[in-house]
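Have a look at the model, then read on.

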Amino acid sequence: MPDVRSGVGEEPGDRPSAWWHGTVGYEIYIRSFQDSDGDGVGDLEGIRRRLPYLAELGIDLVWITPFYPSPQADHGYDVADYVDVDPTFGDLADLDRVVSDCHDLGMRLVIDLVPNHSSSEHPWFRAALAGDPHYRDHYVWADPAPDGGPPNNWVSNFGGPAWTLDERSGQYYMHLFLPEQPDLNWANPAVHDEFDRILRFWFERGVDGVRIDVAHSLTEDPQLRDNPRRAALPPAGAAPSEVWDAYEHRFDQDQADVLDVFRRWNALAAEHDAFLVGEVYLLEPDLLTRYVADQDGLHSSFAFPALRTAWDAGDIRTTLGACVTAGAGALSWPLSSHDDPHAASRFGGGDRGRRRQLAYLTLLCALPGIPFLFQGDELGLENGVVAAGHAADPMAVRNPGAAGRDGSRTPMVWEPGPGFGFTTGEPWLPFGSNRRDEDTVAAQLQQPDSHLDRTRRLLALRRELAPCWDDGASVTWLEATEDVVALQRGDTLVALNAGETAARVRLPDAGRWHPRYASSGGIPEVADGAVVVAPDAAVLLVTASPSAS
Ligand code: GLC
């Protein structure tokens, strides 16, 4: 039997209370959430109509992926105007309605800010190409290497070099993503001024915060030095991620001066009580610390290591534990995202993958910081199966054979029927050949013990418990067995069983604990100082209230 004893406490840090503490977030991938006009692409009015659903689910904070005017080379992460709405998604009045309905429902709205790069169609870049010196310096330019090739060995996340030649000027411009996404030059004070204006524009419209795209990569080495190689380069035709991983990214990301940007934004956000959460896509937990540890930088950073854990108690404990230590109470915990597989798929798919996903969410809900669901996670959705001929993600389209991100981006399934209540038209991306009527929101609402129902109960419990965690209650990882990971935080205890068989978990001061939630099966009793946790499940216990729910 697992013997649960007290481990080492980890302080979440001494932070003044802010509205985002104790919240639960939800990511909406706008193209795939709800279409309101039959063009097969989701839009702001569609989102507005579904806000009551999210409020009912127990969401506090809604993050919407980019809706700005964009050629959609990277599905909106290529912005051609930072202060408007693409007609595909509606207009500014639609956005204002989303903001006000969110607030009426007691939720907050976070929008996606893309400051690392603009679209090559942005007027700034067009002016830069035309040789306007003011706008030329908005981007990163360099002369060719002596052999006429790219200035250094940096590579693009989407394959190929991170440099494209501008024939007219004979210089290369830098792009960590597509050539259609030129990197902005954050060494130029004029770029800082542009983004101050952009942030003010949105905060004054009532937007409650921004999710900062590629936050760790805004600045780069001023000397543009080559990145050291850490492994042999893979053969030609390898996936871009394999090429990327062959380098140590010493000079093209995570530079010391990136924090200067966030300090400035922190002061600006404070004027509007707005929230800054960064996409700091660094997989070594220690590297997250400096982005969030001082209270004058980002308010929160996504903890991407949490998206990589195997279904293994040791790995979960080590990875999440290292993040908690690094994150000073200020991390956001993604369950899935539009860039990563749905957790139900990552954990093996089928019923087992779904059960594990909810067990994992139960654990994330007990950590200091903000758990974030990605649309469809509340239904236990796996990745949609999209045939190669329908690939839409530039990663897959431009690198045949590379795993793209379409599987997590397939449209939401609201109700049975040909358009699954998402659209009356032809969806821009197939739903996935594995989507079934019983997956839908409407079907799960009819079923008392559905994934949706259990997720909702979990989030309701988290909301109830948030006040007892808000006062800095630290995480104590409890020593358990190979298969069990358990933690205590304030008056709560969560035990997750990643093993194949039920685990009896002995509790410290057993008489104090009352089980309140089980991610699958019935809520177990505490008997003989222990609680039985089913395989692929988590149980949450509290000391405060004896009432089971
Ligand atoms: C971020 C976004 C991703 C996008 C990339 C380039 O990682 O989440 O979807 O492709 O930035 O903007």
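How far is an oxygen atom of the ligand from an N or O atom in the side chain of aspartate 74? The distance is 2.6 Å, which falls under polar contacts (pairs of N or O atoms within 3.5 Å). Please keep in mind that this is a predicted model, where local features need pLDDT of at least 70, side-chain atom pairs count only at pLDDT 80 or more, and totals for chains, interfaces and linings use all residues. Residues are numbered from 1 along each chain as its sequence is written, and side-chain values use heavy atoms, with hydrogens and water left out.

**Ligand contacts**
- An N or O atom in the side chain of aspartate 339 is 2.4 Å from an oxygen atom of the ligand.
- For aspartate 213, a polar side-chain atom is found 2.9 Å from a ligand oxygen.
- On its own the ligand has 310 Å² of accessible area (Shrake-Rupley method, 1.4 Å probe), and the protein covers 96% of the 310 Å².

**Ligand shell**
- The ligand is surrounded by 14 residues (a heavy atom within 4 Å), and Asp74, His117, Asp213, Glu279 and Asp339 are the closest.
- The shell holds seven charged, four nonpolar and three polar residues, with Asp, Glu, Lys and Arg counted as charged, Ala, Val, Leu, Ile, Met, Phe, Trp, Tyr, Cys and Pro as nonpolar, and the others, Gly among them, as polar.

Methods. Polar contact = N/O pair within 3.5 Å; in protein donor to acceptor, adjacent residues only side chain to side chain.
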